[in-house]
Every structure is written in C-alpha cells, then in structure tokens.
Amino acid sequence: MKTTIDKVHEHVGEEVTLGGWLANKRSSGKIAFLQLRDGTGFIQGVVVKAEVNEETFELAKRITQESSLYVTGTIVKDERSPLGYEMHVKKLELIHEAVDYPITPKNHGTEFLMDHRHLWLRSRKQHALMKIRNEVIRATYEFFNEQGFIKVDPPILTGASAEGTTELFHTKYFDEDAYLSQSGQLYMEAAAMAFGKVFSFGPTFRAEKSKTRRHLIEFWMIEPEMAFMDHEDSLELQEQYVSYIVQSVLKNCQIELKTLDRDTSKLENVQAPFPRITYDDAIKLLHEKGFDDIEWGEDFGAPHETAIAESFDKPVFITHYPAKIKAFYMKPDPDRPEVVLCADLIAPEGYGEIIGGSQRIDDLELMEKRYEEHHLHGPAYEWYLELRKYGSVPHSGFGLGLERTVAWIAGIEHVREAIPFPRLLNRLYP
RNA sequence: UCCACCGUAGCUCAGUGGUAGAGCAAUCGGCUGUUAACCGAUUGGUCGCAGGUUCGAAUCCUGCCGGUGGAGCCA
C-alpha cells in the first residue's frame, strides 16, 4: 500500500511503500540508516542485513544522496526518532541514481546555496520554511474569508506608480510605457467601493538597489482594503489578523518550528491587542534612549525601528506620522492636520516593518490638492480621483509583507529564505 | 549610489614574502542504533582576473570583476 510520510502514524505495524529521495545515510557492516524524504516530511528507514536479501542490503550501502527510490517496509513507533516513527525496510527499488549531488551534509556559504536554490529547497530547513510560508498563506485566506472579505486581484502591469517614490521596473506595453506593480492599493480602493471588504495577495516589484536582510526585489504582499472602516477599525483588524496567522503557525507547524529551533514562547505571546505608540511619543522614546540623530519630521531608519520594537514584547503600532513623510493618499488627522491617520506595524526581534496602513483621503477637493502638490497628472491617475467623485466613503487599508512576516515567525536571519526563488540585487538565477 | 569585509580543492576554511594545506564530499576498505555517524587509505589546485614591486608573490601595491553585511528606500 502506498502512503506518504505525513500519514505514517495511521499505518503503525503495517507494511507500506513510500516514494521518496535519499536525504542522507549512515551505514555500518550489518545495518544501514536511510534518511528519507518525500516532500511531506522526513523519516528514517532502517535496513538490517540479517532481515533483507543480499541485493537489498548492497543497494542500501551503495545508494547515493538524493537518488529517488521506492521503499517498502513496516512502520514502527520509535522514541529515538524526531518524528516518533521509523520504517523497518524490507525492499528498496531504485528509480534514479543521483550522481555527485552538490549540497553535501556540511556547512555551505550563501552564494553557493543560492546558486543551487532549486536543490536547496529539498533540505530540511528550507522545507520547514516553505511549509510555514504555506501556513501563513492558508491562514490568510481562511481569516479574510471568515471576516467576509473577497479576494480581488489587481493588475501587475500598470501605467503609473502608487506612491511616486520608489523605483519601478519599466517595461513596454506595446507602444506605451508600463511598469510592474509596486502595490495594488489604488486598485484595491476601487474594489472596496464595489465589494465592501476586499483583499489581494500577489507579487510586487521594487527596482530599489536595496541590499539588506529585509529586502527583496520581488516580494509578495497581502493588501486588504475596507469601505466604511476608519483608522481605529483597521488597527483592530490588523492585530486580529497578525495574531491569527501566528497562532495558526503555532498550531499547525510544530515540527517545522522545532526544525528551525524557533523559540516559540515569543510567538505564543502574540495575541491582540498590540501596543500602540504615536510618532510623537516614539521620537521622545528614541531621545530618551540616546538617539540624538533624529528630529520630529524625519522618518525612522532601521536602527530606530529596532530600538522602538525592543521596548515591547509584541508587535507595536507606530501611529500618526507627519503627513510630509507619508504617501499622498493618507487622510490627515482632523484634530491635527500635520499628521495622518496611519500606522506601521513593527515586528519584534528586529524584523522591522511588516505592515504599513492608513485611512485614505475620501474628500475630492483634498485629493485634488494632493495631486497638485505631488505633480500627479495624466490619464493614469484620473480613475482614482473618480472614486472620490461617485459615492465616496470613509475607508482604510493596509499591506502586509509576506516574506518579512514569515522570516519573523520562523526566526530566520534573512528574508531571502522565506521565498522559494528570491529575486535579489544581482540574482535572477535560478 | 555610498561604507565595511571577503574571494585558496566540488564545499567550508587555514596559510600574511621562501616546496599548496586541513576537514567534509567523492572512490576503496572496516564497523549492528547511527543523528553533519565513526575509523583507515586514495583522488582532488589557472590561490577571482590583469598589471606592478621583488632573487622569489596565495601573501605587498594598483585597477577591474564577483560576493557578503550594512546605509538610504521600503513591506
């Protein structure tokens, strides 16, 4: 009977066949240990010379790393296994012999591993990371569907930028200039006016020459947009959403978190509500901490964000930034027009900003004024103004960076391992 | 774009002016509970590239190329 490693607990004492690859092996004169993986997990196969025919034992000793094979044997419980189960092998059938697999069981450098990313994904740690990424995605769909959102997909090819600040990838759309999307937000605002509560999940592109552990050239973003929700409503949704995905990973990815040696006590604490600090108070906090390189009106750098995050044991919202350093579409605070109704959510442990969100300007005249200030003109921007012309309502939205969130939950050093095939500065291969 | 560090065997690294090294991988042999298994042997080199200094350069100098980390920008 064929099965998979994630289902072996249902077959204790039974003889089953697994299709898989040899991750590693150890052998002595009369016993061989095969570390097998099949995509659903890892299990050890034990081949005892006295219990199999000579041909099978010889194959067990000879088989090379990452060769593919069918393995038949009996599933047994064993305390010594991290999985809790082992297979006592009766029969091995080699499908394909791998010769000189490059990723050997030892330390490798980043460049070498990234050049072999197509193979590196097979390793235990990378496998665990992709499972956690998948759980975050699965929980995202579940959360927003339960909350009455529908998924709307914005275009990837666009005629203009959403923020006007970051560098865009330029391409041609037949005879017109076009750009790869750096945010679906403007389109999501249109969708919110059509469907109420919407979210998108897709790739986004920034042609910045960023070279840090927090940056990718191509990354995935989840962008919800909600009609009739103000800034406060949006913050509550955000903390519920982030708590939901963290708790889902804790619930469904225990093996993976263990593989990654993640300190889960820090994740268990991630429950709504999250602490909040205004931009004003954050500046004061930084001055108290000895940062004299920042004044009111300036944006935070990475060291500032980390210092603020270190003052809290949960993700923290920084709210009410000066309007000048934020995007043109953010709604001014009615009580203090020099600041806007926005918030960045800073993850703990130095992982940086994982969410940026705001209430949007819903007044046509103010939006037209912003267009003039930011020199936004031309047909590419006309439709966005019309959202304020025909039945404008208060609305808010935010964007969550998937890879930063996964990197934080998984506790890894660099976002490049949180995406299957990272696009980095100087890396378009594989 | 700027700053710092790095580039030596398939991989990870040591060697800082005088014969090119180790561990792992691979190959051969040994070993009945291994967890990056272990033990013995064998194989493996355009010292990133170009130029310069020197009797002599992996080592010192200049330029270039590539990488890593960080800054700015942002999720």
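I take buried as under 20% relative accessible area, exposed as over 50%, and partly exposed as in between, with a 1.4 Å probe and protein chains only. With that cut-off I looked up K125, which counts as partly exposed at 40% relative accessibility.

**Ground rules**

I note that this is a predicted model, where local features need pLDDT of at least 70, side-chain atom pairs count only at pLDDT 80 or more, and totals for chains, interfaces and linings use all residues. Residues are numbered from 1 along each chain as its sequence is written, chains are lettered from A and ligands numbered from 1 in the order in which they are written, and side-chain values use heavy atoms, with hydrogens and water left out.

**Entry: the whole chain**

I began with chain A, which has 13 helices and 19 strands. Helices (H or I, at least four residues) and strands (E, at least two) are DSSP runs, numbered from the N terminus. The C-alpha atoms of chain A fill a box of roughly 85 × 55 × 40 Å along the principal axes. Of its 430 residues, 50% count as buried.

I then checked contacts, meaning heavy atoms within 4.5 Å. Among contacts in chain A with a separation of 6 or more, 66% come from residues 24 or more positions apart.

The accessible surface of chain A is about 20800 Å², and carbon and sulfur atoms own 51% of that. I used areas from the Shrake-Rupley method with a 1.4 Å probe; for residues, only the protein chains shown count as cover.

**Entry: salt bridges**

Side chains of opposite charge can pair when their charged atoms come close. I count a salt bridge when a side-chain nitrogen of Lys or Arg is within 4 Å of a carboxyl oxygen of Asp or Glu. The whole structure holds 25 salt bridges.

I looked up K125 again: it pairs with E417, with the closest N and O atoms 3.6 Å apart. This pair links distant parts of the chain, with K125 in helix α4 (residues 124-146) and E417 in the segment after α13, 292 residues apart. E417 is buried, at 11% relative accessible area.

Next came R276 and E232, whose closest N and O atoms are 2.9 Å apart in a salt bridge. They too join distant parts: R276 is in strand β13 (residues 276-278), E232 is in helix α6 (residues 231-252), and 44 residues separate them. R276 is partly exposed at 34%, and E232 is partly exposed at 36%.

I also found a pair within one helix. K284 and D281 both lie in α9 (residues 279-288), three residues apart, about one turn of the helix. Their closest N and O atoms are 3.6 Å apart in a salt bridge. K284 is exposed at 52%, while D281 is partly exposed at 35%.

**Entry: the negative patch**

Where does negative charge gather on the surface? I found D363, E365, E368, E372, E382 and E386 in one patch. Helices α11 (364-373) and α12 (379-386) each give two or more residues to it. The largest share, three residues, comes from α11. E386 sits in α12 and is partly exposed at 37%. Patch residues have over 30% relative accessible area and no salt bridge, and like charges are joined within 9 Å.

**Entry: helix α13**

Eight of the nine residues of α13 (residues 402-410) are buried, so the helix is largely enclosed by the rest of the structure. Among them are L402, W408 and I409. Just after α13, G411 takes a positive phi of about 75 degrees.

Key. Patches are made of residues with over 30% relative accessible area and no salt bridge: like charges are joined within 9 Å, nonpolar side chains (Val, Leu, Ile, Met, Phe, Trp, Tyr) within 5 Å. Lys and Arg count as positive and Asp and Glu as negative; His and the chain ends are not counted. The place of a charge is taken as NZ of Lys, CZ of Arg, CG of Asp or CD of Glu.
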